[in-house]
Amino acid sequence: MVSTDFKIRYQGSLLGYAWSLLKPLFLFLILYIVFTKFLKIGSDIPHYPVYLLLGVILWNFFTDATSTAMTSIVSRGDLIKKINIPKYLVVISTVISAFINLCLNFIVLIVLCAINHLPFSLTWLLVPVLLLELLFVVLSLGFLLSTVYVRFKDASYIWEVVLQGAFYATPILYPLSLVPRRIQEVLILNPVAQIIQDARWCIVSHDSITFWSLTQRLFWPVPIAMIIIFSAFSIQYFKAKAKYFAEDI
Amino acid sequence: MENAITVKKLSKKFREQANSKSLKEFLLNLSIKNRPKNKNAQIFKDISFTIKKGEFFGIVGRNGSGKSTLLKILAGVYVPTSGVVEINGRLNPFIELGVGFNPELSGRDNVFLNASLLGFSRDKITKIYDDIVEFAELDGYMDLKLKHYSSGMQVRLAFSVAIRAESDILLIDEVLAVGDAAFQQKCFKYFDGLKKEKKTVILVTHDMAIVERFCDRVLFIDKTKEVKVYGVSEAVSHYNDVNSGDKRGENPFRKTPARIERVQLFNSDLDNTLIIKAEEKITIRLYIDNKSNEKSLSITTSLFGNDWVKLIDFDIYEAPMSIGLNEMEIVLDSLPLNSGKYSLIFGLYGKETQYDLYDDLTVQIKNLNDNKGILIPKYRWAVKAIK
C-alpha cells in the first residue's frame, strides 16, 4: 500500500516533484537576501546560510507534511469509500513521501556546508535522531488533523493561519538570542523550535540555544514526554474515528 | 455446507451531522440553544442471513434500497451500527472495477497499482502482467496514460485485473452495467468459470436475466428495507409482482417535459401480466405524460434477449399526443420467441431530443413445447424415396 501511494505521488509529474524540492530553496534564497542585505540580522551569525537553510527545510517539511496529511484521508476518499484499507497507511504514506523530500533537501544542505567551509563534527550523527523525533511529531499531528478535516472542511484554513503564526513564533529566520530569555523559554517548548535549535547545535554551532542549555538538565525528558502524550491522544482519536471515514467523507 | 458469510441482527444507521459541516458552524451552534439535532438515517434493522460456501448469491433491490450499502458492510468499508458480520475466507475487497485507477498514470502503472490493492506482490504482478494485457486486448496501449483511454478500454483493463483476484469470496456490484455486448459475454464466461470453481460470489444487480442465469439464491431488499432470501424462481416472480405496472418515481436527476410514466403488458386475455405464452398476442400499454409543447412524439420499442442480443427494434414516428396524460397501445402479434427472459425498452423522442428511456421491464415468455434456441421455427418436412 505504501509503495503504491508513493507511485501515485512520484509518477504524477517530474516537474511537480522538482518543485517541491525547489520550494524551500527559493524560500531560503529570499529570506537570505532579506535578512543579510536589508535587515542585517543574519550577518552577525556565523554560517548564517547553513543556519537559515536548516531552519527552512525543517520547517518546510513540517508545513508540507502536516498540510498534505491533513487532507490525505479526504483526497483518497475514492479509495476509502470502496476498499477496506487500513486508514493509517494513507496518512503515513503522505508523511513519508514528504520525509523523502526532506532527506533530499538535506543533500543540498550538506553541499552548502561544504561551500561554507563548515567543519564536520561528530555531533552531526545525532541529526537522524532529531529527524525521527520530528517525524513522530508530524505523524501525530497528521493523524489528528486528518481526522478533524474529515469532519470540518474549513479546518484547513485555520491550520494555514496557525502555520503562518507559528512560522514567526519559531526561530527560523531570527536567532533565538534576539528575544528576551523569558520568551526564549516559552518558544522552546514548541517541539519544532526545539528540534530546529537542537539540529543547529549539532550541525552549525554549539553556541545555539537549545532546550538543554535553557533549562536545568533534569528537565530534558519534558519535550519527549509532551510529544508522547500528544501522539497517544492523536492516535486514539484517529483510531476511534477511522471506522466511520468511509461514511463521513 | 459451511457458511461463507453469516450476518446476524445487522443494523445500520447513517449519522447525518445536521449541525456542523464546518468548524465555523459548529462553533456558532454551540452558542445557540435549540441547535439542530443529528439525524440518523436507518438503513437496515436487525437483518440476518447466511451465504453458503460456493454459492452464487444475488442481492436485488430498487435504486436506493441499500444494496450497495449492504455490500459495503460485507466488504468492511462501512461498520455496522449493531450486529455481527462473520466472514469465513478471503474476501475480494473490490466492489467496483478500477478502484484506485489514476488517469495521470500509464496503463501499465495502473495495472500494478490496481493489482497491488488486490493484494498481489510486485513479482506476482510482473508474472501475470502479460496475461492481463492480452485478456484486455490492450497490447500496444499500455504506455499510454489512462486518461487517453476510452471508457471501454478502461473497463476492459479493470476487469482483466479484477478477475485475477485469488479470493474465496467475491463481491461484485453491477459491473455489467457498463461495456458492450462482447464485454458482457466475457463477464458471463467469467461468471460461468466462477460457478464451476465453486467460488462464493455475491452479485448486486437488478437484471433478473442475470439472476436467473447464475444465482442460486437471491436476497431481496424491498422499499421498507426488509430483506428476504428467495430461491431463483420465487425471486423472479416476486420481482415481477413488485415491479409490474408500478408507477415510476420521477428521476430526480433528469426532469423532462415528457416521460413514460408506466408501462403495462397484457396477454391475449387482456390480463395484466409479465408472463406471456409463446406466440401469444401482447398488448403493451404506455402511459405517457406529455408536458412538452409538441403535439406528436416518437416512440422506439426494443426487445432484448439474453446477453443483450437485440431482437426487435422499431420506431413509431410522430404519434399524436395531447398535452397531459396519454395512453398509448402497441400490439405485437405472435412473436416467434422461445422461453426466456426478455427486456423491453422504450424510448420517447420529440422532434429534437430524447425525452425518456424506460428500461425496467422484463418479460417472461413461456413456450409449452420443448423447443430449444431463441426462435420458434415454423417448419414442414417430408421424406421421399429416391430411386
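**View 1. B:K198 sits in a loop of chain B.** The loop in question runs between α6 (181-196) and β6 (200-204) of chain B. Please keep in mind, here and in the other views, that this is a predicted model. The backbone at B:K198 has a positive phi of about 60 degrees, although B:K198 is not a glycine. Is B:K198 buried or exposed? Its C-beta neighbours inside 10 Å number 12, so B:K198 counts as exposed, the cut-off for this class being 12 or fewer.

**View 2. B:D46 is a non-glycine residue with a positive phi, placed in a strand.** For B:D46 the phi value is about 45 degrees. The strand that holds B:D46 is β2 of chain B, residues 39-52. B:D46 is classed as exposed because 11 C-beta neighbours lie inside 10 Å.

**View 3. Helices α3 and α4 of chain B cross at roughly 120 degrees.** This close-up pairs α3(B), residues 107-117, with α4(B), residues 122-136, and the two axes come within 11 Å. Sorted by class, the residues where α3(B) meets α4(B) are 6 nonpolar and 1 polar, with no charged residues.

**View 4. Chain B meets chain A.** Which elements of chain B give two or more residues to the side that touches chain A? They are α1 (23-31) and α3 of chain B. The largest share of that side, 4 residues, comes from α3(B). By class, the side of chain B that touches chain A has 13 nonpolar, 5 polar and 5 charged residues. For orientation, chain B as a whole has 8 helices and 16 strands. Of its 387 residues, 30% are buried. Looking at contacts in chain B between residues at least 6 apart in sequence, 70% join residues at least 24 apart.

**View 5. Helices α6 and α9 of chain A are roughly antiparallel.** Here α6(A), residues 127-151, and α9(A), residues 191-203, cross at roughly 170 degrees, with axes that come within 10 Å. That angle is over the 145 limit, and the two helices are therefore roughly antiparallel to each other. The crossing of α6(A) and α9(A) is left-handed. On the α6(A) side, look for A:V127, A:L130, A:E133, A:L134 and A:V137. Their partners on α9(A) are A:P191, A:I195, A:D198, A:A199, A:C202 and A:I203. The residues of this contact divide into 9 nonpolar and 2 charged, with no polar residues.

**View 6. Helices α3 and α7 of chain A pack at an angle of about 170 degrees.** The axes of α3(A) and α7(A) are 11 Å apart, and the helices are roughly antiparallel to each other. A:W59, A:T63, A:S67, A:M70 and A:T71 of α3(A) make the contact with A:S156, A:W159, A:L163 and A:F167 of α7(A). This contact has 5 nonpolar and 4 polar residues, and none that are charged.

**View 7. The largest nonpolar core has 116 residues.** The residues with the most contacts inside this core are A:L54, A:L58, A:V95, B:L71 and B:I202. Helix α3 of chain A, residues 48-75, gives the core its largest share, 15 residues. What does A:V95 touch, leaving out residues up to four places away in sequence? The list is A:A65, A:A69, A:V138, A:L139 and A:G142. A second, separate core has 25 residues, including B:I288, B:M321, B:L348 and B:L361.

**View 8. A:S177 lies in a loop of chain A.** The elements on either side of the loop are α7 (155-169) and α8 (181-187). A:S177 has 12 other C-beta atoms within 10 Å, so it is exposed. A:S208 is 31 residues apart from A:S177 in sequence, and the two C-alpha atoms are 8.4 Å apart in space.

Key. Residues are numbered from 1 along each chain as its sequence is written. Chains are lettered from A and ligands numbered from 1 in the order in which they are written. This is a predicted model: local features need pLDDT of at least 70, side-chain atom pairs count only at pLDDT 80 or more; totals for chains, interfaces and linings use all residues. A nonpolar core is a set of buried Ala, Val, Leu, Ile, Met, Phe, Trp, Tyr and Cys residues joined through C-beta atoms within 7 Å. A residue is buried if 20 or more other C-beta atoms lie within 10 Å of its own, exposed if 12 or fewer, and partly exposed in between; C-beta atoms are placed from the backbone. Two residues are in contact if their C-beta atoms, placed from the backbone, lie within 7 Å. Axes are lines fitted to C-alpha atoms, for helices over the stretch in contact, and angles run from 0 to 180 degrees between N-to-C directions. Ala, Val, Leu, Ile, Met, Phe, Trp, Tyr, Cys and Pro count as nonpolar, Asp, Glu, Lys and Arg as charged, and the others, Gly among them, as polar. Angles under 35 degrees count as roughly parallel, over 145 as roughly antiparallel, 65 to 115 as roughly perpendicular and the rest as oblique. A crossing is left-handed if the near helix is turned anticlockwise from the far one by less than a right angle, and right-handed if clockwise.
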